[in-house]
2 protein chains.
Amino acid sequence: MADKKKFTIYDLAKKLGYSPSTISRALNDHPTISKKTTKFIKAAAKEAGYRPNSIAASLRSSRSNTIGIMISRINRPFISSLISGVEECARQAGYSVIISQSNDKYDNEVNNAKVLRDSQISGLIVSLAMETEDYDHFQQFVDMGIPIVFVDRVPKSFPSYHVVIDNYAAGFKATQHLIDQGCKRIAHFAGAQHRNVYAERKEGYIDALKAAKLPVDESLIYLFDTLSSEEGEKATQELLSLENPPDGIFSANDTAAVSAIIYAKKVGVNIPKDLAIIGFNDDPMASIVDPALSTITHPAIKMGEIAARRVLEHTTDNHDSSISEVTILNTEVLVRKSSLKSKVDKPVEQL
Amino acid sequence: MADKKKFTIYDLAKKLGYSPSTISRALNDHPTISKKTTKFIKAAAKEAGYRPNSIAASLRSSRSNTIGIMISRINRPFISSLISGVEECARQAGYSVIISQSNDKYDNEVNNAKVLRDSQISGLIVSLAMETEDYDHFQQFVDMGIPIVFVDRVPKSFPSYHVVIDNYAAGFKATQHLIDQGCKRIAHFAGAQHRNVYAERKEGYIDALKAAKLPVDESLIYLFDTLSSEEGEKATQELLSLENPPDGIFSANDTAAVSAIIYAKKVGVNIPKDLAIIGFNDDPMASIVDPALSTITHPAIKMGEIAARRVLEHTTDNHDSSISEVTILNTEVLVRKSSLKSKVDKPVEQL
DNA sequence: TCAATAATCGCAATCGGTTTCGGATATTTA
DNA sequence: TAAATATCCGAAACCGATTGCGATTATTGA
């Protein structure tokens with residue numbers, strides 16, 4: 001109840017016999033204020049329990065020390081780790097993080113963009129909605145000089161920062177791994193092909209097959225909307241009832257891969273002997289399913305950190321926002337039991 | 001690059017021949033402005049592409065339309081779902097959500113509280129850090145009239161809104177279920193006992209045993225710090241090497257329960273025949289592990305929604321912040337294979 | 001010692017809405 | 001018709017910090 005009168009720099013100024021401007025500059029380490037008074041004022045501010053009003057500061061300086069995040073859904077392992085990385089990095093630099101989820105809907109994304117545009121964010125970190133195919137709603141940020149960092153699911157062409165993994169290489173490696181294990185007929189669970197990550201993973205898959213002189217059978221490639229467990233199960237069912245079923249599956253995410261494992265087990269197909277499976281992302285469930293799912297590891301938290309750092313760098317160094325800067329992070333094949341037919345490949349993760 | 005001059009209500013006022021005050025009121029549906037001019041001004045505003053500066057509004061009115069969230073870590077299934085619920089509800093009401101994670105450290109929590117206090121949030125939603133045992137750092141919000149909604153991990157006594165599940169009842173039900181399955185010697189993996197949720201679940205466990213006239217064996221109760229999979233595995237190892245091992249485990253979270261399943265399987269203990277296991281939370285991994293983990297379901301997203309609604313209600317209805325209002329949500333026993341010894345209990349979830 | 005330069009600091013405008021107070025016009029009542 | 005009340009709107013202060021510019025004082029150089 002006791003609502004203390006707000007203590008502003010004016011109050012502090014009066015108390016110390018300085019002007020508000022001096023107080024403000026001192027608290028912000030402005031070089032034009034002597035070290036001595038700066039130290040004195042800071043001490044007095046702390047002593048008096050002064051709390052800056054960041055809203056007022058934002059209004060005047062039109063900088064908000066807030067980073068906006070736009071993602072599909074928070075409660076997905078990769079996304080939440082990504083956000084976690086952003087938040088950690090942002091907070092250490094004195095920035096706040098404000099989030100908005102699109103539920104993979106284009107309309108929501110457009111709307112969220114409007115809201116964020118009006119809240120004076122100093123940078124935007126985006127992982128695109130599944131549906132999104134045009135990027136006009138991001139132009140307004142460019143116009144306002146707000147840096148955009150696209151992460152993982154990035155637009156085809158839009159001058160901005162990108163933080164991604166090499167999906168092509170990862171797709172290639174995953175497929176290559178199955179080939180190394182002796183698979184001759186490898187199916188692929190792909191996602192929406194207008195989304196870079198899924199298109200690139202598929203490219204890698206196809207090229208790996210070609211490099212190994214294996215035929216590319218289009219009927220083994222499933223183009224899913226969401227790569228859900230339902231889709232994965234259904235596709236596995238279809239694949240296993242083929243007269244010439246595949247001996248390997250590379251799924252573009254773990255959810256579908258796990259459902260494949262579970263379904264295959266249910267119908268008595270031996271994994272990995274009859275069917276080797278590798279997923280993508282290393283979601284927690286990948287290590288829990290039995291046999292444990294081989295997968296591609298994503299440095300999710302690190303991607304978030306880097307994305308946040310791009311924003312921070314941009315605002316401090318005053319970069320040119322018309323340039324594009326792409327950061328590509330490493331992925332690794334994490335071999336577990338779901339794909340380990342031979343013993344000579346890579347070491348199995350200890351469980 | 002083209003940084004359009006900002007278009008303010010002053011510009012609009014000049015253009016329309018009204019005063020800024022009228023524009024402001026019209027845009028906010030103030031009753032003192034006639035319906036007609038309100039409609040006219042709104043149309044003109046949209047037409048002119050006027051965008052309100054929410055920072056300026058916040059400064060003057062000291063309301064920010066922002067809800068702050070303090071949680072342990074974002075990338076945990078329960079937490080991310082909780083946030084998802086908050087965000088969804090908040091956005092629909094025109095509020096933004098700003099998050100901060102404590103990593104379960106008390107010091108971080110205190111710090112985050114300071115930051116949020118200075119950012120003029122209109123409400124705070126908190127799930128306490130594991131370490132936290134005093135709540136002084138929340139008093140400042142009460143002093144400022146900012147409503148606090150504690151969710152799930154709530155303080156022992158602090159006048160505020162609480163949104164929780166009945167942990168006692170859930171613990172009782174979980175244990176009762178194991179008893180119903182014929183378990184006579186049930187171990188319990190508990191969390192830090194100063195955290196309400198774990199203490200209450202343990203109480204429920206103990207009382208269920210007592211109600212069934214089963215002995216309470218303290219040596220079967222593990223008090224963990226974090227309920228990690230490492231802790232779960234180690235405890236399971238110890239329990240299984242007892243000369244009189246338990247025939248059931250009720251774990252206060254799924255992580256430890258799953259590790260128990262995996263370890264037991266590894267050493268050839270049959271689940272559920274020799275050892276029935278039930279967890280808590282219904283994390284995604286619970287349905288993936290084999291045998292699938294019975295567990296207690298948490299309405300995480302709904303808890304987030306309700307928490308957000310409490311904040312919204314409070315700010316609109318201008319509640320008295322000294323009262324305490326507790327919302328208790330339902331939990332359910334979700335029976336899967338890890339605990340299903342008999343067939344006559346409850347229906348097994350289809351996989 | 002006096003002018004020139006540097007180091008410090010204050011004044012006041014500013015950011016863009018919100019809100020109090022009161023004025024002007026319209027409507028109702030006596 | 002005059003007075004009373006409603007209705008609608010404008011002037012200006014205000015929220016609390018930031019910052020360009022000018023003033024003052026201290027330091028340096030000749």
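A:S96 is buried, with a relative accessible area of 11%; the cut-off for buried is under 20%. Its place is in strand β2 of chain A, residues 96-101. Before I go on: this is a predicted model.

What does A:S96 touch, once its neighbours within four places in sequence are set aside? In chain A the contacts are A:N65, A:T66 and A:I67. From chain B, A:S96 is in contact with B:I98 and B:V115. A:N65 is 31 residues away from A:S96 along the chain, and their C-alpha atoms are separated by 6.4 Å.

That brings in the second chain. How is chain B laid on chain A? A turn of 180° with a shift of 0.1 Å along the axis does it, and the RMSD is 0.2 Å. The two copies are thus related as by a two-fold rotation axis. In chain B, the C-alpha nearest that axis belongs to B:I98, at 2.1 Å. B:I98 is also one of the residues in contact with A:S96. As for the interface, 100% of the interface residues of chain B are also interface residues in chain A, so the copies meet through the same surface.

Next, B:N65. The residue lies in the loop between α4 (54-61) and β1 (66-71) of chain B. B:N65 has a positive phi of about 50° although it is not a glycine. Most residues other than glycine have a negative phi. Is B:N65 buried, partly exposed or exposed? With a relative accessible area of 34%, B:N65 is partly exposed.

A positive phi also turns up in chain A, at A:D152, where phi is near 65°. A:D152 is found in the loop between β4 (148-151) and β5 (161-165) of chain A. At 6% relative accessibility, A:D152 counts as buried, while B:N65 is partly exposed.

Staying with loops, B:S102 is found between β2 (96-101) and α6 (106-117) of chain B. B:S102 is buried, at a relative accessible area of 2%. Leaving aside neighbours within four places in sequence, B:S102 has contacts that include B:I71 and B:S72.

Which peptide bond here is cis in chain A? The bond joining A:D290 and A:P291 is, with omega about 0°. A:P291 lies in the loop between α12 (284-288) and β10 (295-297) of chain A. In chain B, a cis peptide bond joins B:D290 and B:P291, again with omega about 0°, and B:P291 lies in the loop between α12 and β10 of chain B. Most peptide bonds are trans.

B:S294 is in the loop between α12 and β10 of chain B as well. B:S294 is buried, with a relative accessible area of 0%.

Last, the overall picture for chain A. Chain A has 13 helices and twelve strands. The radius of gyration is 26 Å, well over the 20 Å that the globule rule gives for 351 residues, so chain A is more spread out than a compact globule. Along its principal axes, the C-alpha trace of chain A spans about 90 × 40 × 40 Å.

How many of the 351 residues of chain A, as a percentage, count as buried? The figure is 54%. Among contacts in chain A with a separation of 6 or more, 71% come from residues 24 or more positions apart. The accessible surface of chain A comes to about 15,600 Å², and 52% of that belongs to carbon and sulfur atoms. On charge, chain A has 42 positive and 43 negative charges, and their mean positions are 9 Å apart.

That is where I will stop.

Note on methods. Residues numbered from 1 in each chain as written. Chains lettered and ligands numbered in written order. Predicted model: local features only at pLDDT ≥ 70, side-chain atom pairs only at ≥ 80, totals over all residues. Heavy atoms only, no water. Helix = DSSP H or I, 4+ residues; strand = E, 2+ residues; numbered from the N terminus. Rg over C-alpha atoms; globule rule 2.2 N^0.38 Å. Buried < 20%, exposed > 50% of the residue type's maximum accessible area, 1.4 Å probe, protein only. Contact = heavy atoms within 4.5 Å. Areas by Shrake-Rupley, 256 points an atom, 1.4 Å probe, with all protein chains shown as cover. Lys, Arg positive; Asp, Glu negative; His and termini not counted. Charge placed at Lys NZ, Arg CZ, Asp CG, Glu CD. Least-squares fit on C-alpha atoms with pLDDT ≥ 70 in both.
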